[in-house]
Structures are given as structure tokens and as C-alpha cells.
Amino acid sequence: MKYLIAGLGNIGSEYSNTRHNIGFRVIEALLEKWEVSPQLDRHGYTAWGKHRGKQILLLLPTTYMNLSGKAIRFHLNKHQIPLERLMVITDDLALPFGSLRMRGKGSDGGHNGLRNIQELLGSQKYPRLKFGVGSDFHKGQQVDYVLSPFTDEEEEALPELITKSAEGVLSFISIGLDRTMNGFNQKK
């Protein structure tokens, strides 16, 4: 059984520690856990891991955030992975920093990466893990905010939150979406 776990973000060192790249950081934690290195593949860096006898394809798209659906659709099709075994990890402005929410479906919520995925997959019904990055910005400053680094205080809290996110992904693979959501979706 195969799963695709895709972390959303932008390639390039100038984006590596930004709020928008939190999906990449969760994938990097899983890469480290499995001691695997991603290789450049079509539309992204990929690496295979195993968890409880299941094959897991980790994906860091190279298409930039707004075209994330291109990479995800390609790898779903290439490896014949159904939507219910996809997990997309992304930042979310609507959630306070540190809040984590797993969902099985939903709108894009104004997130351009999710919008592109939804358009290219033709569905809102795919699992996603939303990582709250807060909304401490003035009107019209949303792009600058998501492309800015976390504060020192937030950066200090990130390792635990990234670990919890990675554990949520592994739980999704082990026991399924519904059971994972019941234990995972708790207030900060």
C-alpha cells in the first residue's frame, strides 16, 4: 500500500525558514526520521520511506507554492495513489500559531497552493494537515507575512510542533484519518 505525503513550500534558501515553508519542514523531519535523502525527480524532490509495512512517498514540490497541484497530481498518477492516501501539509493563516488541524476535505480557504491542488485534482476531498502560522499582519501584507521568517519565540516552539505534525502523519498512515483526527485536532 502506497501513500503520498506532500509538504507545501517554495524552493530556494531565501524561503527555507519562512512561514509558507512549514510543510517542507515537516517533510524534512520525516526524512531525518527515516534517514533518507530526497532526490530530484519530476516536479519535486522525492524519497521513499516505510511505516508499518506501507510505502510512503515524501514530496517536496519544486513548482513553487502556487503550482503545487502540478507536482502532486503527477506523483499521484505516476504511483497510482488514491486521493484518500494523500496528505498535504501546509501553513494556515486562519489558525493561531501552533494550532494543528487535520481534515479530510475542505475549501482552499484562500490558500493559493491548496487552490491549485483542488483545481488540478478536481476535488476538495483529500486529507490535509494545516499548521497555524497566525495572522499578525496589516491589511494587504499577507504575502510579506507568509514569506517572512518565524519570530525567535516561534522558532523556539517549532521543533515540538513539527514533531507533533510528523507524528500525526504517521498516525494517519497507521490508523487512518478519522481516528487520527479524533486525537490530533485539539486546541493549542
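Predicted model: local features only at pLDDT ≥ 70, side-chain atom pairs only at ≥ 80, totals over all residues.
# Reading strands and packed helices

Trainee: How many helices and strands are in the protein?

Mentor: The protein has 6 helices and 7 strands. Along the sequence the pattern is β-α-β-β-β-α-β-β-α-β-α-α-α.

Trainee: What radius of gyration does the protein have, and what would a compact globule have?

Mentor: The radius is taken over C-alpha atoms, and the globule rule is 2.2 Å times the number of residues to the power 0.38. For 188 residues, a compact globule would be near 16 Å; the protein has 15 Å, so the two agree. Along the principal axes, the C-alpha atoms fill a box of roughly 45 × 30 × 30 Å.

Trainee: Now the sheet. What is the order of its strands?

Mentor: Look for pairing: two strands pair if DSSP finds at least two bridges between them. Here 7 strands form an open sheet in the order β2-β3-β4-β1-β5-β7-β6, and the pairing is mixed. β2 (39-41) and β6 (100-103) are the edge strands, each pairing on one side only. On average, neighbouring strands are turned by 25 degrees against each other, direction ignored.

Trainee: Which way do β1 and β4 run?

Mentor: β1 (residues 2-7) and β4 (residues 54-61) run parallel, joined by 5 bridges.

Trainee: What describes two packed helices?

Mentor: Use the angle between their axes and the distance between the axes. Axes are lines fitted to C-alpha atoms, for helices over the stretch in contact, and angles run from 0 to 180 degrees between N-to-C directions. Take α2 (residues 68-78) and α3 (residues 112-121): their axes are 7 Å apart, at an angle of about 40 degrees. That makes α2 oblique to α3. Angles under 35 degrees count as roughly parallel, over 145 as roughly antiparallel, 65 to 115 as roughly perpendicular and the rest as oblique.

Trainee: Which residues make that contact?

Mentor: Contact means heavy atoms within 4.5 Å. From α2 come S68, G69, K70, I72, R73 and L76; from α3 come G113, N116, I117, L120 and L121. By class, 5 are nonpolar, 4 polar and 2 charged. Ala, Val, Leu, Ile, Met, Phe, Trp, Tyr, Cys and Pro count as nonpolar, Asp, Glu, Lys and Arg as charged, and the others, Gly among them, as polar.

Trainee: How do α1 and α5 cross?

Mentor: The axes of α1 (residues 22-34) and α5 come within 9 Å and cross at roughly 70 degrees. That makes α1 roughly perpendicular to α5. I22, R25, V26, A29, L30, K33 and W34 of α1 meet E155, L158, I162, S165, A166, V169 and L170 of α5. This contact has 10 nonpolar, 1 polar and 3 charged residues.

Trainee: And α5 with α6: at what angle do they pack?

Mentor: α5 (residues 152-175) and α6 (residues 177-184) pack at about 145 degrees, with axes 7 Å apart. K164, S165, G168, S171, F172 and I175 of α5 contact L177, R179, T180 and F184 of α6. They divide into 4 nonpolar, 4 polar and 2 charged.

Trainee: Where is M181 found, and what does M181 touch?

Mentor: M181 is in α6. Leaving out residues up to four places away in sequence, M181 touches M102, R103 and G104. Its C-alpha atom is 9.8 Å from that of L129, 52 residues apart along the chain.

How values were computed. Residues numbered from 1 in each chain as written. Heavy atoms only, no water. Helix = DSSP H or I, 4+ residues; strand = E, 2+ residues; numbered from the N terminus.
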